[in-house]
Amino acid sequence: MMDQSTAAAPTWQGELVAQRDVLNSRVAAARSAGASADALRTALLEMGPGADHLARTMGDPSAFAAVVPVLVDAVSAVVVRRAWHESSADRWALLGVVPFLPRAMGRSPKVTVDVVVQGAGRVARGADLGEWGRRFCTADAHLDDDDALRAAAAVAAWRSGFVRLRGAALAAAGSLPDAALVRLLDLAGAVDESSSADGAGDGVAGVAGVGESLGAGGAGSAGGASGAGGETSGAAGTRGAGAALPGSRGSAHGPGSPRDVLARSAADPFWWPGAPAAGRTGQVGGFRGSGGPWVGVPVVLGAVDAATPTWRVAADDQVWAVVADVHGTAVLRESAGRSTSAAELDSLLAAVRPDPALVDAVAPHLGAQDTVTGAGVTSAGMVLVSRATSYRLDLVRTGAGEDRARAASHDIPQDQP
């Protein structure tokens, strides 16, 4: 006879049969809410391989048994919403992320499913969903409770391109251990490279205050993707750059540690290990017919004073906000509550006078001879540039922020007792 340690792991199909008296009522409720029997059957079958993997990695048969009703409820809810299809972020989250969070699912299955499904829906509109899921799953073994799970969701989303979560992610990172941060931020090799740079210190610095957060109970609305549909009431970002963050559990704060990397990134939003110190770092926007936000050629009006770098841009008879940092960008309607009048817009455009010295500084990096129609520079030395013949805006790094980032690593405040 096999002992418990060598017994086969429980299976999804086996648990569905074993718990049928309880689960049948849940399925019946989903059918009453409008889900078809065929759609439910298909979805539950598709959940099988991932659920079996979860059962094997959880190890404890009784823990997996407790997870099964939660998964059935989650799958049924997605089917009821008619969201169980190939392009569904909810379906992707249940099939591709939940099965790879054995520690979180063993601890709090309902909370974990809510964080993952709600988070995936938001991240899909503002970041690389696959990278978010990968980073999130690799940190599972180092997340001790539900608060850490929510914090990890925000940090992974920011690192995967969700720039509107920058302030929340930097604040949330202070509560996470270094082992989790290394995985969430993809710093396994980068921290060694960073440690060779000048600067030393103990403690953490960053952006204080939580803005939007991901997952169950999270504050704020869904993050905006780059595109015409995104709207915001103003410049994105949480103010307070350089404010101290709470110390992290089990963290080291020397040069090259995740604390050091986050401190330097907080001081200079476009610094990251391996990121170029100067030159064109990317482009933002584009023609709507090709997936961009604009029909007309945009003009940069100037930079906005915000913790997350933000610029105002005129295009299509309205004003937009462009938000960006080293990990991502977003193009958002500046105001959902009011429209900019034609007279106001004409006045804004008439006031645009690109600084000749700034134009000379960015011109060598644009890669094409064109007339610069607008340029706005942040205190970190990042310039957003508009050109007469381009639907895309260029992000050009002048190099002014590198000293600021390095200085942050020299003066990191000590953790408070």
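Figure 1. Arginine 134 counts as partly exposed, at 35% relative accessibility (buried means under 20% relative accessible area, exposed over 50%, and partly exposed in between, using a 1.4 Å probe and protein chains only). This is a predicted model, in which local features need pLDDT of at least 70 and side-chain atom pairs count only at pLDDT 80 or more, while totals for chains, interfaces and linings use all residues. Residues are numbered from 1 along each chain as its sequence is written, and side-chain values use heavy atoms, with hydrogens and water left out.

What does arginine 134 form with aspartate 186? The two form a salt bridge, and their closest N and O atoms are 2.6 Å apart. Because arginine 134 lies in helix H8 (residues 129-138) and aspartate 186 in the loop between helix H11 (178-184) and helix H12 (190-195), the pair ties together parts that are 52 residues apart in sequence. A salt bridge here is a side-chain nitrogen of Lys or Arg within 4 Å of a carboxyl oxygen of Asp or Glu. Helices (H or I, at least four residues) and strands (E, at least two) are DSSP runs, numbered from the N terminus. Aspartate 186 is partly exposed too, with a relative accessible area of 29%. Look around this pair and you will find a network of salt bridges that links Glu131, Arg134, Arg135 and Asp186.

Figure 2. Is serine 160 buried or exposed? Serine 160 is buried, with a relative accessible area of 8%. You can find serine 160 in the loop between helix H9 (146-159) and helix H10 (166-173). Its side chain is joined to that of arginine 135 by a polar contact of 2.8 Å. A polar contact is a pair of N or O atoms within 3.5 Å; within protein, one must be able to donate a hydrogen and the other to accept it, and residues adjacent in sequence count only if both atoms are side-chain atoms. Leaving aside neighbours within four places in sequence, serine 160 is in contact (heavy atoms within 4.5 Å) with Ala127, Asp128, Glu131, Trp132 and Arg135.

**Figure 3. Two further salt bridges.** A search of the whole structure finds 21 salt bridges, and here are two of them. In one, the side chains of aspartate 90 and arginine 81 meet at 2.3 Å, N to O. Aspartate 90 is buried, at 15% relative accessible area, whereas arginine 81 is partly exposed, at 45%. In the other, aspartate 316 and arginine 288 meet through their side chains at 3.6 Å, N to O. Aspartate 316 sits in the loop between strand E5 (310-315) and strand E6 (318-324), and arginine 288 in the loop between strand E3 (279-285) and strand E4 (299-304), so this pair ties together parts that are 28 residues apart in sequence. Aspartate 316 is partly exposed at 24% relative accessibility, and arginine 288 is partly exposed with a relative accessible area of 38%.

**Figure 4. Leucine 94 in the largest nonpolar core.** A nonpolar core is a set of buried Ala, Val, Leu, Ile, Met, Phe, Trp, Tyr and Cys residues joined through side-chain atoms within 4.5 Å. How many residues does the largest one have? It has 73 residues, and those with the most contacts inside it are Trp12, Leu94, Val113, Trp132, Phe136 and Val155. Helix H4 (residues 61-80) supplies the largest share of this core, eleven residues. Apart from it lies another core, of 15 residues, including Val300 and Trp311. Beyond its neighbours within four places in sequence, leucine 94 is in contact with residues including Met47, Ala74, Val75, Val78 and Trp84.

**Figure 5. Strand E9 and its partners in an open sheet.** Four strands form an open sheet in the order E3-E10-E9-E8, with antiparallel pairing (two strands pair if DSSP finds at least two bridges between them). E3 and strand E8 (372-377) stand at the edges, each with a single partner strand, so one side of each is left without a neighbour in the sheet. Five bridges join E8 to strand E9 (residues 382-387), with glycine 376 having leucine 384 as its bridge partner in E9. E8 and E9 form a hairpin with four residues between them, and glycine 381 in the turn has a positive phi of about 85°. Four bridges join E9 to strand E10 (residues 392-397), where valine 383 stands opposite valine 396. Both faces of E9 are covered: Met382, Leu384 and Ser386 on one side and Val383, Val385 and Arg387 on the other are all buried.
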